[in-house]
Amino acid sequence: MGKLAIGVFPGLVGNMAYDFALKFAEAAKDKGHDVSIWMSGNATVSVKANQKHLLDYSTGEKHLLRLMEKGVEICTCEACTVARGIRKDEGIEGIQWSAMHWFLARVHSADRVFLIGGE
């Protein structure tokens with residue numbers, strides 16, 4: 001199977017690109033691909049731990065935990081995350097925090113790259 005790098009760059013809250021990116025990553029992992037996800041911009045708020053899970057409202061925590069359990073590598077843009085008021089000690093355990101070079105390294109070694117979302 002191949003290596004897949006996914007950059008998640010959603011727009012404002014409620015953007016379906018974020019949900020699609022996570023579902024796509026899970027489907028690729030279930031088919032046997034190595035998957036790395038880079039969270040940037042507004043996607044970074046989903047790495048906060050202890051989110052309130054409301055009926056019919058998408059939050060990232062449960063999905064991100066499930067993906068990591070399956071072996072998906074997830075990293076959040078540290079600058080984007082801190083700029084949105086989330087500290088490392090408030091983040092979901094196991095999610096990496098780094099700069100863009102993390103994603104560029106995954107892009108370089110990937111067989112396929114998907115950039116999902118953006119303005």
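Me: Hi! Glu-26 first: buried or exposed, and at what relative accessibility?

Reply: Glu-26 counts as buried, at 15% relative accessibility. The cut-offs are under 20% relative accessible area for buried, over 50% for exposed, and partly exposed in between, with a 1.4 Å probe and protein chains only.

Me: What kind of model is this?

Reply: This is a predicted model, where local features need pLDDT of at least 70 and side-chain atom pairs count only at pLDDT 80 or more, while totals for chains, interfaces and linings use all residues. Residues are numbered from 1 along each chain as its sequence is written, and side-chain values use heavy atoms, with hydrogens and water left out.

Me: Back to Glu-26, then. Which side chain meets it in a salt bridge?

Reply: That of Arg-66, with 2.9 Å from N to O. A salt bridge here is a side-chain nitrogen of Lys or Arg within 4 Å of a carboxyl oxygen of Asp or Glu. Glu-26 lies in helix 1 and Arg-66 in helix 2, so this pair ties together parts that are 40 residues apart in sequence. Helices are DSSP runs of H or I with at least four residues, strands are runs of E with at least two, and both are numbered from the N terminus.

Me: How far apart are the C-alpha atoms of Arg-66 and Glu-26?

Reply: They are separated by 8.7 Å. As for Arg-66 itself, a relative accessible area of 32% makes this residue partly exposed.

Me: How many salt bridges does the structure hold?

Reply: Seven. One of them joins the side chains of Asp-30 and Lys-70, again at 2.9 Å from N to O. That pair links distant parts of the chain, with Asp-30 in helix 1 and Lys-70 in the loop between helix 2 and strand 3, 40 residues apart. Asp-30 is exposed at 52%, whereas Lys-70 is partly exposed at 32%.

Me: Which residues do salt bridges that share partners join into one network?

Reply: Glu-26, Asp-30, Arg-66 and Lys-70. Elsewhere, Arg-87 forms a salt bridge with Glu-90, their closest N and O atoms being 3.6 Å apart. Arg-87 is partly exposed at 48% relative accessibility.

Me: Helix 1 keeps coming up. What span should it have, at 1.5 Å a residue?

Reply: Its 15 residues, 16-30, should span 21 Å, and the end C-alpha atoms are 21 Å apart, which agrees. The expected span is 1.5 Å times one less than the number of residues.

Me: And what do the buried residues of helix 1 pack against?

Reply: Strand 1 (3-9), strand 2 (34-39), helix 2 (61-69) and strand 5 (112-117). Among those buried residues are Ala-17, Tyr-18, Leu-22 and Ala-25. Just after the helix, Gly-32 takes a positive phi of about 105 degrees.

Me: Switching to cores. How many residues has the largest nonpolar core?

Reply: It has 25, and those with the most contacts inside it include Ile-6, Val-8 and Ile-74. A nonpolar core means buried Ala, Val, Leu, Ile, Met, Phe, Trp, Tyr and Cys residues joined through side-chain atoms within 4.5 Å. Helix 1 gives the most to this core, with six residues. A second, separate core of eight residues includes Ala-5, Trp-38, Cys-75 and Cys-80.

Me: How many aromatic pairs does a search of the whole structure find?

Reply: Five. One of them is Phe-20 with Phe-24, which is stacked at 5.7 Å centre to centre and 25 degrees between the planes. Rings of Phe, Tyr and Trp (its six-membered ring) pair if their centres lie within 6.5 Å, and planes under 30 degrees apart count as stacked, over 60 as edge-to-face and the rest as tilted. Both residues lie in helix 1, four residues apart, about one turn of the helix. Phe-20 is partly exposed at 47%, and Phe-24 is partly exposed at 25%. Ring pairs also link Phe-9, Trp-38, Trp-102 and Phe-103 into a cluster.

Me: Last one: what joins the side chains of Thr-76 and Thr-81?

Reply: A polar contact of 2.7 Å. That term means a pair of N or O atoms within 3.5 Å; within protein, one must be able to donate a hydrogen and the other to accept it, and residues adjacent in sequence count only if both atoms are side-chain atoms. Thr-76 lies in strand 3 (residues 73-77), and Thr-81 in helix 3 (residues 78-83). Thr-76 is buried at 0% relative accessibility, and Thr-81 is buried at 0% too.

Terms used:
Contact means heavy atoms within 4.5 Å.
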